[in-house]
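Dear colleague,

Here is the structure I said I would pass on.

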Amino acid sequence: MAVKTMVKKKAALSSEALNREIRILFVLDHPNIIRLHEVFEDDKYMHLVTEYCSGGELLDHIISMGRYSEHEAARLLHKILLAVNNLHQNNICHRDLKPDNFMFETTERRAELKLIDFGLAHKFFNKSSTAELRSFVGTPDYVAPEVLQGGYGPKCDLWSVGVILYVLLCGKLPFAANSVNEVYARILSGEFATNTDLWTNISPLAVDLVVKLLVLDPNKRISAETALEHEWFTQSPTSPLTISRDILESLKKYRVKSKIQSEAHAIIVKCLNINQIKDMKETFMALDREKNGFLSFQEVEQGLLAAGYPMAAHEIEEILRHADFKKDGRINYSEFLAATLESRALLDDDVIWSVFNRFDVDSTGVITEANLKEALQRAGRQVSQSNIHDMMAEVGAEEQGLNYEAFKKLVKHDN
């Protein structure tokens, strides 16, 4: 894990902006977005505990390589668009997309790419609005023209994606100039080159996507959802959908017996390393045909059928009923991981002991109502005292609390 520590009294880090960033990070749940685990606060500092990305920034990789092959650029841009589409499905606009704000999960060649730094991110309410947001924010070379003009919507993120794609393909910025004002003037003109020697070996399909992203009028600019269906990504045959039997069986039999069990599983999936969840992540991404970071009834049904596991509607409804912890009618990434934990024998004693200590915040060996409330608050869950009491009463622990053995039985379905 990594810890981002911020001084609360700095003018640039107003309480409202900082709390907004934290709220947004706790909402987001996608393989291509940095995950916030917990938040700790004291008198002077706010500490954000996130997953650790050891592979460095995308910007550093671009600088070292000069440019990416078209195949590799397509792979990376697809991941970037998946992250942006999930943001926009959650009515969140990042407002500062650039290579500096994407990090590789590990140093491996084909490591996962993660979107980071949500300090400028903001909620919006109307996906079709082009003037809902007004703050002049962003990085000069990547900022959209409508941001410069004072009114914009989520499509500003797609302009930034277009600039990133341009850089990935040719290694140069499309609107580079000698001063920031000149950069802004070039952005407002919307003129950029794709006919230089650097573009000689770039396919017409790649150029077409650049052109559709770098459109001055946001109403005519392609969306993340539509961009993900662009022929540039689909020109090569896709691999057949495969789901391992043990992941499927684990998903089918997943049952939640208490709310504490659900909360424990939600924390467990945050503690797992990338190798432990690799197959589960790939299965989730394969099932997510709409590429929005959620699994609907239809996606689960179609995915299982395509993989050779047809199921009756009531069986799929039963899966969703238990796996859908948030009760919003769909399965998000963490919910899917939680529902398939047993397929990888990940509920071992070491993992459960680690999670028990996350709840046992004062290290007394017993989880009390006060402990439970504080642990959930750190994990971004605001639960009333009455609901906390009900959760403990549900498992008969409202008076004595939960010791490790009792907690272990709850987590492992042994009770």
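The notes below cover the overall fold and then the salt bridges.

This is a predicted model, in which local features need pLDDT of at least 70 and side-chain atom pairs count only at pLDDT 80 or more, while totals for chains, interfaces and linings use all residues. Residues are numbered from 1 along each chain as its sequence is written, and side-chain values use heavy atoms, with hydrogens and water left out.

Overall fold

The protein chain contains 19 helices and eleven strands; these are DSSP runs numbered from the N terminus (helices H or I, at least four residues; strands E, at least two). Along the principal axes, the C-alpha atoms fill a box of roughly 70 × 55 × 40 Å.

Of the 415 residues, 52% are buried (under 20% relative accessible area; exposed is over 50%, partly exposed in between; 1.4 Å probe, protein chains only). Taking contacts between residues at least 6 apart in sequence, 69% join residues at least 24 apart (a contact being heavy atoms within 4.5 Å).

Salt bridges

The chain carries 48 positive and 59 negative side chains, and the centres of the two sets are 2 Å apart (Lys and Arg positive, Asp and Glu negative; His and the chain ends not counted). The place of a charge is NZ of Lys, CZ of Arg, CG of Asp or CD of Glu. There are 20 salt bridges (a side-chain nitrogen of Lys or Arg within 4 Å of a carboxyl oxygen of Asp or Glu).

One of them joins Lys281 and Glu112, with the closest N and O atoms 2.7 Å apart. This pair links distant parts of the chain: Lys281 is in helix 12 and Glu112 in the loop between strand 5 and strand 6, 169 residues apart. Lys281 is buried at 18% relative accessible area, and Glu112 is buried at 7%.

Asp349 and Lys408 pair at 3.0 Å, N to O. They also link distant parts of the chain, helix 16 and helix 19, 59 residues apart. Asp349 is partly exposed at 38%, whereas Lys408 is buried at 18%.

Glu318 and Arg321 meet at 3.1 Å. Both lie in helix 14, three residues or about one helical turn apart. Glu318 is partly exposed at 26%, as is Arg321 at 48%.

Finally, Glu51, Glu105 and Lys114 are linked in a network of salt bridges.

Regards
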